[in-house]
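Please view the sequence and the model shown below before reading on.

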Amino acid sequence: MKKNYSYIWISLIVLIFGIYFVPKIVDRFKSASVVESDRLNVAHRRELKEIGKAPAFSFTNQNNETITNADYEGKVYLVEFFFSTCPTICPVMNENMVKLQDEFGKDDRFAIASITIDPETDTPEHLKEHAKFLKVTMNNWHFLTGSEDAIFGLAKKFNMYVGKNDDAPGGFEHSGLFALIDKKGKIRSRNMENMDYPIIYYDGTTEEGVQMLREDIQQLIKE
């Protein structure tokens, strides 16, 4: 008889434990999973460092309109230096920029500034034809031209190399880099992998560089 009472008490204790404690344990697991989910979301938002204020500019676009850096305020935008007759890296840069247009071009918070380093050839009319050739569809993609001194001076302020070279294909040299600028006009970039140093600019000639930009443009648009 005592054995039966013992089993009854044990059963009651198990039942009470199940009713009172199990739901609390389940809740703790749920809470833990939410915390873990939040932690992962935070981890996916990488730190994009401020490199400095983007230098001011004023140029003429493919529609003969004066465009300044003020026209880009409140937008996340890219800056590149190129020239339309470039036979080497520019076609790759153009193709990659079009990919970003196709992904973000319908969002009015995204824009592009493509600045020619060959203003003698790249008149507004010529740049308009070049934009048609590239199938540019977004209103916020400006192909910009101006005086050679102003363009080369701006590239120097960005610390992006451009230069004339008769021995180079097309007669000019330049980097294939894209600058990423946030809504407040600050140059931003992610760090180098496993290092606490910013890459500063993104490689506009590689799929890896384009993928980095996809992720970082999306993050800056949401800021």
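Which backbone oxygen lies 3.2 Å from a polar atom of the side chain of His-174? It is that of Phe-81. This is a predicted model, in which local features need pLDDT of at least 70 and side-chain atom pairs count only at pLDDT 80 or more, while totals for chains, interfaces and linings use all residues. Residues are numbered from 1 along each chain as its sequence is written, and side-chain values use heavy atoms, with hydrogens and water left out.

**Annotated positions**
- An unreviewed UniProt entry lists Cys-86, Cys-90 and His-174 under "binding site"; such annotations may be inferred rather than shown by experiment.
- These positions are spread over 89 residues of sequence, yet they cluster in space, with a largest C-alpha distance of 10.1 Å.

**His-174**
- His-174 belongs to strand E8 (residues 172-174), strands being DSSP runs of at least two residues and helices runs of at least four.
- His-174 counts as buried because its relative accessibility is 13%, where buried means under 20% relative accessible area, exposed over 50% and partly exposed in between (1.4 Å probe, protein chains only).
- Beyond its neighbours within four places in sequence, His-174 is in contact with residues including Cys-86, Ile-89, Met-93 and Tyr-161; contact means heavy atoms within 4.5 Å.

**Cys-90**
- Cys-90 lies in helix H2 (residues 90-104) and is buried, with a relative accessible area of 1%.
- Not counting residues up to four places away in sequence, Cys-90 touches Phe-82, Phe-83 and His-174.

**Met-195**
- Met-195 is found in the loop between strand E10 (186-189) and strand E11 (202-203).
- With a relative accessible area of 43%, Met-195 is partly exposed.

Key
A polar contact is a pair of N or O atoms within 3.5 Å; within protein, one must be able to donate a hydrogen and the other to accept it, and residues adjacent in sequence count only if both atoms are side-chain atoms.
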